[in-house]
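Here is a structure to talk through together, with a few friendly questions about what its labels rest on.

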There are 2 protein chains.
Amino acid sequence: MEQRERPVVETRVAVVGAGYAGLTAALELTDAGVDTVVLEASDRVGGRTLSELRPSGVRVDHGGQWVGPTQHRLRALAARFGCATFPTWETGRHLEVWHDGTRVGYAGAAPATGPGIPEYERITALLDRLAGTVDVDSPWQTPRFAEFDGHSAEGFFRSETGDEDALRRLALAVQGVWCAEPSEISLFHVLFYIASAGGYEQLMETRDCAQDSRFTEGADGPARAVAAALGDRVRLGVPVRAIRQCAAGVELSTDRGLVRAERAVLAVPPTAVHRIAFDPVLPAARRGWIGHSPMGRVAKVHAVYRRPFWRAAGSSGIATLYGDHPVGVVFDNSPEDGRHGVLVAFVYGDRLTRWAALDPDARRASVLAALVAAAGPEAAEPDDYTEKVWPQQEWTTGGYECFVTPGGWTGHGRQGWREPVGRLHWAGTETASVWNGYIDGAVSSGERAAAEVAEALAARAVAAPGPAAPGIMSSRHEQHR
Amino acid sequence: MEQRERPVVETRVAVVGAGYAGLTAALELTDAGVDTVVLEASDRVGGRTLSELRPSGVRVDHGGQWVGPTQHRLRALAARFGCATFPTWETGRHLEVWHDGTRVGYAGAAPATGPGIPEYERITALLDRLAGTVDVDSPWQTPRFAEFDGHSAEGFFRSETGDEDALRRLALAVQGVWCAEPSEISLFHVLFYIASAGGYEQLMETRDCAQDSRFTEGADGPARAVAAALGDRVRLGVPVRAIRQCAAGVELSTDRGLVRAERAVLAVPPTAVHRIAFDPVLPAARRGWIGHSPMGRVAKVHAVYRRPFWRAAGSSGIATLYGDHPVGVVFDNSPEDGRHGVLVAFVYGDRLTRWAALDPDARRASVLAALVAAAGPEAAEPDDYTEKVWPQQEWTTGGYECFVTPGGWTGHGRQGWREPVGRLHWAGTETASVWNGYIDGAVSSGERAAAEVAEALAARAVAAPGPAAPGIMSSRHEQHR
């Protein structure tokens, strides 16, 4: 493509993606005095977090929304920018709506009795035990690594039990945590992810776990605060189309011209890396890794009511739904002040694909039917109804994150997961060892990538004393491949 | 991107990719009098077939190379262009080199006795039986579809047997047929593919099966002949970067300007579709399908000798290798006239990834050691040695083809496999119902896509009588997203 007349930006580090990973990397580098520019394809920051102030005055989180007590990196970032949190609403009894229509209320984190529970508990305890053997920094060093990675979660579950009710519980757990079907996800990835979060309970529960708290001003509040601090270092609406590495630096072709840097941090999901033309092409292991890392499928649907009517009946609004409902899980997503009632319905995996193909009226009707089943007849008429279907988003392509299909870790993990490629460094929650898949993992991945870059720049400064010249491509070139 | 000064090509149909699928589609449309242009990113036609005349005068096939008696579409194409074939060399006794160093010679298609054979034969017969239930045209109609798709081949094999030798045989079979590890491929995809070929034996054997014959002038000979017939309708070195659909047509942004058409046929592997920016974005099901369709990993290494020395010792040169060798299978790839001896070594899957990371001397030494094990000490010193590492190829990204990971068919098959997206039609061997993954499947996929396009154009002609104007985008636009 002819770039002759295009503006050229020169910087020491170019960060691709203004989600939590990219913003954190840029913040760390900027704090360290390293000239950094963030290039974001879409027109906003926050990536897979996105809050919106609805006309009712209620702020809803369309994307990632929770923070837990052991998510130290996210909590530190939020604390730095003064972003307040409040406990997730869970006042009252929870509900299971079973596939045959049975409704079972329960108090506490999980029902004590019910169909499939003994086998479900046995198998999740086994998952926890096996997860305890995972090396989250060098997953390939895990004993029985290849053996675990050779199975789908589904294959493993079915080899463990024939209890269809336990299998239903396990499937909903996989859908809820990974937005994937048990059929498509590697058992090893499930174990790695459990280990990365500190245990199965951390993934599943609310109080003191991953779903403990929410951000008063939305889960993208800290991201917006970081972006404000970075100022015009963050460029929106700048898709990166091609990245060329040469001996002297990195050149990024964008819709708004060239960017030249010494190093680049790619802080985008694996599915978005595919969209960039690399010269030279990425190593086979990195491409193979991406080829085994599809994006999860999720929609979040918010229904806003004048009040949290379910609480009067002693219900928490938290429900899990089996059977024909498109919705898997419902949470009480009301604001901290409790002036409105908000239910959020999660639609996952294969059910998401079928539901998203319906027309808008049918989508709405089926979700409201699920909310009625979960919270009672008043749920049928919300004041406000809004859907976010993540697989339809151009740049994020889904949510919550990319998972790994069977064999992906074995075949491509060691070289493909997050190993730098020349001057390219990888960030994004998919590259995190701790809280992989969560906002916290995105933050720590940005910190790690920034540290890699800083070390590389320092090594270069030692190797070639004197002021490091920014933007040191040795020659212009007119063609990108 | 500004396209103001770029040349504009107008045509009724734009075909992306000049492998067998794209060339066949273009040939069919051209035969029918439909104005068609083929856009090929690389500097040659043939896609994943590629023959080369070596300095020794021997032509080697670096890519797909065989044709079998039931591969009717490829045979018809070859017959039309007068491309001759000859029987694959298999004179003498074959060899198994077992993981403990044991060498077992055998005559006929497969060894009658040996470690793991009873269990291997029982399980492959079971695969054949289950494959018999597959609906290759509407795979999702297959009984037990989701159940089979929920398992990796590895998970299924291990649920069937604890016989490690049988598991070694099954793993090599999967590597040899799909260039994948049993851990990464969906059991349903294995069954679909067996059904698509007409049975497991068709996939595995030489005489009267998939490996029956070779092309005298190389397996890309028919492709080159089609390209010659199409003349300047085939444009090489024209990567398509973006495709925009509107009500009136399709606009393709390439490195050499714009192409406007009424319909487009995308005849590239799923992994290459990722490289194109679509406006509007592709449906979630198509993207999900691609996300579950990684490319196989294979290298072919040819060693050329003055004569086929192994035949004097009664050996066929055909060997299967277990254990530490990078090579899984060796074939006698000598030319028809027998004036030279040629061995071809296949390196697959995880072994390919490890081997490709070695330096050139170590790669060569390890392959020659395997050839010595397979054919004797004379194999150590070839006159000519040449490697083709398919995962390192920019546009094809691997070989033989994209397979489907567990859950991929269930989650995305019905809408994502080959369903047209507006004015976009899908070709490529991955979209074939018969001989999926083979050259023959590529040819039939091109024929099917051409028929879809012709039908759509005819329907339009009926709906809007009068001469169909080529290149009927309603307005210029300066920006591509």
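**What the labels rest on**

Q: How many residue pairs in polar contact are counted between domain 1 of chain A and domain 2 of chain A?
A: Two residue pairs, both at pLDDT 80 or more, are in polar contact between domain 1 of chain A and domain 2 of chain A. A polar contact is a pair of N or O atoms within 3.5 Å; within protein, one must be able to donate a hydrogen and the other to accept it, and residues adjacent in sequence count only if both atoms are side-chain atoms. The domain 1 side that touches domain 2 of chain A divides into seven nonpolar, three polar and six charged residues. Here Ala, Val, Leu, Ile, Met, Phe, Trp, Tyr, Cys and Pro count as nonpolar, Asp, Glu, Lys and Arg as charged, and the others, Gly among them, as polar.

A word on the ground rules: this is a predicted model, where local features need pLDDT of at least 70, side-chain atom pairs count only at pLDDT 80 or more, and totals for chains, interfaces and linings use all residues. Residues are numbered from 1 along each chain as its sequence is written, chains are lettered from A and ligands numbered from 1 in the order in which they are written, and side-chain values use heavy atoms, with hydrogens and water left out.

Q: What makes A:Arg275 and A:Glu394 a salt bridge?
A: The term asks for a side-chain nitrogen of Lys or Arg within 4 Å of a carboxyl oxygen of Asp or Glu. The closest N and O atoms of A:Arg275 and A:Glu394 are 3.2 Å apart, so the pair qualifies. The count between domain 1 of chain A and domain 2 of chain A is one salt bridge.

Q: How many salt bridges are counted between chain B and chain A?
A: The count there is zero, while seven residue pairs, both residues at pLDDT 80 or more, are in polar contact.

Q: What is the area buried between chain B and chain A?
A: About 3500 Å², with 51% of it on carbon and sulfur atoms. Buried area is the accessible area (1.4 Å probe) that two parts lose on being put together, summed over both.

Q: Why is one side of strand 11 and of strand 22 of chain A left without a neighbour in the sheet?
A: The open sheet has five strands in the order 11-3-2-15-22 (chain A), with parallel pairing. Strand 11 (234–235) and strand 22 (424–426) stand at its edges with a single partner strand each, so one side of each has no neighbour in the sheet. Strands (E, at least two residues) are DSSP runs, numbered from the N terminus.

Q: How do you know that strand 2 and strand 15 of chain A pair?
A: Pairing needs at least two bridges found by DSSP; strand 2 (residues 13–16) and strand 15 (residues 263–266) of chain A have four, so they pair, in the parallel sense.
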